[in-house]
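Hi,

Here is the structure I said I'd pass on.

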Amino acid sequence: MRKIYRKIAFCLMLALLPLFSCAPKDTYQTKYIFAMDTDVSIHISATSDVSELISECESLIYSIENKLSKTRTGSDVYRLNKGERVSCDAVTLAVLETAKKVYLLSGGAFDPTVSGLSDMWDECESANALPSAERLDGELSRVGFERVHIENGEVWLDTGTKIDLGGVGKGYAETAVAALIKENAQAYGVRGYMLDFGGMVGVFGEKAGGDDYRVGLRDPDDSGKNLGRVELSEGYVSVSGDYERYVTVDGEKYHHIIDPKTGYPANSSVRSVAVICDDGATADALSTAFFVMGYERSMEFYEAGRFEAVFFMSNGEIKTTDGAKYIK
């Protein structure tokens, strides 16, 4: 959406950096870039210079972006949204597979085919008017992952359907970067890393003293304040909230997380939800799904070991799954 209040990536970086300590002989290198429509940071602790490895990570991110971008001419997603039948890259196919998995798991709460609805809300801001019933019904008729067809590496969409893989692509890219770092860990003496893709955080490795990493979770009403943190030694944390991006229509704010059933911003009594998972793409998609589903429906799918979550409710309550290491 046009008014973007990102997942306060810079603030999150500041919260995390002091917690990511290194042994005295380690080098600690950081790279900040803008990619995939968000601020990205790569932090690696190692016993040798990792500037070349970081450059490889940066190239990998841009390569994935070139396949998944909704707006970049020639990307797989751009061509699909233009109505083409596309022989998609393996990256795009893998992201679509994760999107389909979470779509089915969540009963359609996570659905990348809401892209047309998101575009509609952008236009509502420009026109300063809510969508007409006719326009809303028209866009809803083109929503549903069953309108995405995948066959022998080829992908095509039903007429009028559009997709946006931003809700799963950043998590996929972060997992791919993590895999690249681990593949080269021995050669560079990598001891640990912290990756931040617009608030989608991945961690791995050693900290001084052997403590777990601590990832701050922001107050939906105050981006400069943490309501608490989660601890983990390895994995990914994805946060979706109603404060990140929104449009304003007639003085009223409408956040960017669309309920595919209604076409309106989701209203589930959740202000934000953090999902902790061992796969970045899954964590990315699940945080959106759970925001739409709300706490009760989300917990119907809970099984310790698959994911953990922290829910910040509209009434001020904080609810967590049994295995979430949440600290106020």
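The second largest pocket holds about 240 Å³ of space. A pocket here is an open set of points on a 1 Å grid over the protein atoms alone, where a 1.4 Å probe fits, with protein on both sides within 12 Å along at least five of seven lines; lining residues have an atom within 4 Å of a point. The volume is the space filled by probe spheres set on the points, which are joined across faces, edges and corners.

Sixteen is the count to remember for the lining: of those 16 residues, Leu232, Glu234, Ile276, Glu308 and Gly323 lie nearest the centre. Strand 9 (222–232) and strand 13 (270–277) each give two or more residues, and strand 9 has the largest share, with three. Strands are DSSP runs of E, at least two residues, numbered from the N terminus.

By the way, this is a predicted model: local features need pLDDT of at least 70, side-chain atom pairs count only at pLDDT 80 or more, and totals for chains, interfaces and linings use all residues. Residues are numbered from 1 along each chain as its sequence is written, and side-chain values use heavy atoms, with hydrogens and water left out.

Met36, between strand 1 (27–35) and strand 2 (38–46), has a positive phi of about 55 degrees although it is not a glycine. Asn152 sits in the loop between strand 4 and strand 5, and its phi is positive too, near 50 degrees.

Cheers

Technical notes:
Helices (H or I, at least four residues) and strands (E, at least two) are DSSP runs, numbered from the N terminus.
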